[in-house]
Amino acid sequence: MSDDDVQDAGFDEWLDAAEEDAAYCLECPEGHASLPPRRVCPDCGATDLEETRLPDSGEIETFTVTHVPTPAFEEDAPYATAVAGFGPVRLTGQVVGADLETVETGLEVELEVSVSETTGERVLGFSPV
Ligand SMILES: [Zn+2]
């Protein structure tokens with residue numbers, strides 16, 4: 001969904017902020033919210049975007065469970081990838097620190113930035129509040 005964003009340097013700064021519990025979105029005068037990196041509102045083209053803090057917790061809207069068959073990842077699998085709504089924006093990430101049976105729509109979660117053991121890159125995750 002937003003894989004392109006993850007590879008952008010602007011998103012890296014955003015991950016820095018998220019790690020410090022200061023995740024934000026960009027809001028235009030019309031109230032449209034988007035995630036960095038952006039210079040122009042994707043909805044109306046406004047250029048005076050303001051950083052607005054996201055709420056500390058969000059709510060899982062949808063999720064899918066992935067089963068990884070590789071023995072090397074047996075202990076991590078299966079895992080859930082979720083879309084969670086944080087205030088005006090939606091974020092995608094892996095659910096961490098939760099039993100799969102407890103992952104459900106409406107579950108309250110907070111942002112959790114972790115480092116992928118596979119790629120060494122930081123990834124966005126959610127952990128139950
Ligand atoms: Zn706008």
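The site of the zinc ion is tetrahedral, with angles of 107 to 113° among its four donor atoms. Four donors count as tetrahedral if all angles lie between 85 and 135 degrees, and the ideal angle at a metal with four tetrahedral donors is 109.5 degrees. The zinc ion is coordinated by Cys-28 (SG), His-32 (ND1), Cys-41 (SG) and Cys-44 (SG), at 2.0 to 2.3 Å. Donors are N, O and S atoms within 2.8 Å of the metal (3.2 Å for Na, K and Ca), and sites may look incomplete because water is not among the atoms. Along the sequence, the donor residues follow the spacing C-x3-H-x8-C-x2-C.

The structure is a predicted model, in which local features need pLDDT of at least 70 and side-chain atom pairs count only at pLDDT 80 or more, while totals for chains, interfaces and linings use all residues. Residues are numbered from 1 along each chain as its sequence is written, and side-chain values use heavy atoms, with hydrogens and water left out.

Cys-41 counts as buried because its relative accessibility is 3%, whereas Cys-44, with a relative accessible area of 39%, is partly exposed. Buried means under 20% relative accessible area, exposed means over 50%, and partly exposed lies in between (1.4 Å probe, protein chains only). Of the 129 residues of the chain, 33% count as buried.

The chain has two helices and eight strands. Helices (H or I, at least four residues) and strands (E, at least two) are DSSP runs, numbered from the N terminus. From the N terminus on, the order of elements is α-α-β-β-β-β-β-β-β-β. Contact means heavy atoms within 4.5 Å. Among contacts between residues at least 6 apart in sequence, 48% join residues at least 24 apart.

Strand S2 (residues 33–34) includes Ser-34. Ser-34 counts as buried because its relative accessibility is 6%. Not counting residues up to four places away in sequence, Ser-34 touches Cys-25, Leu-26, Pro-42 and Val-89.

Five strands form a closed barrel in the order S4-S5-S6-S8-S7, with mixed pairing. Neighbouring strands of this sheet are turned by 45° against each other on average, direction ignored. The axes behind this angle are lines fitted to C-alpha atoms, for helices over the stretch in contact, and angles run from 0 to 180 degrees between N-to-C directions. Strands of a sheet pair through backbone hydrogen bonds, either parallel or antiparallel. Two strands are taken to pair if DSSP finds at least two bridges between them.

Strand S5 (residues 79–86) and strand S6 (residues 89–95) are antiparallel over six bridges. Thr-81 stands opposite Gln-94 in S6, and the bridge partner of Val-83 in S6 is Thr-92. The hairpin of S5 and S6 has two residues between the strands, and Gly-87 takes a positive phi near 60° there. S7 and S8 pair in the antiparallel sense over seven bridges, with Ser-127 in S8 as the bridge partner of Glu-110. In the hairpin of S7 and S8, six residues lie between the strands, and Gly-120 has a positive phi near 75°. Six of the eight residues of S5 are buried, so S5 is largely enclosed by the rest of the structure.

The largest nonpolar core has 31 residues, and those with the most contacts inside it are Trp-14, Leu-54, Phe-86, Leu-91, Leu-111 and Phe-126. A nonpolar core is a set of buried Ala, Val, Leu, Ile, Met, Phe, Trp, Tyr and Cys residues joined through side-chain atoms within 4.5 Å. Helix H2 (9–19), strand S1 (24–27), S5, S6, strand S7 (108–115) and strand S8 (122–128) each supply at least two residues of this core. H2 gives the largest share, five residues.

Leu-91 is found in strand S6 and counts as buried because its relative accessibility is 2%. Not counting residues up to four places away in sequence, Leu-91 touches residues including Trp-14, Leu-54, Leu-111 and Phe-126. The C-alpha atoms of Leu-91 and Gly-58 are separated by 9.3 Å, with the two residues 33 apart along the chain. Under the same exclusion, the contacts of Phe-86 include Leu-54, Gly-58, Leu-91, Leu-111 and Phe-126.

Methods:
Tetrahedral: all angles 85-135°; square planar, octahedral: opposite > 155°, others 65-115°.
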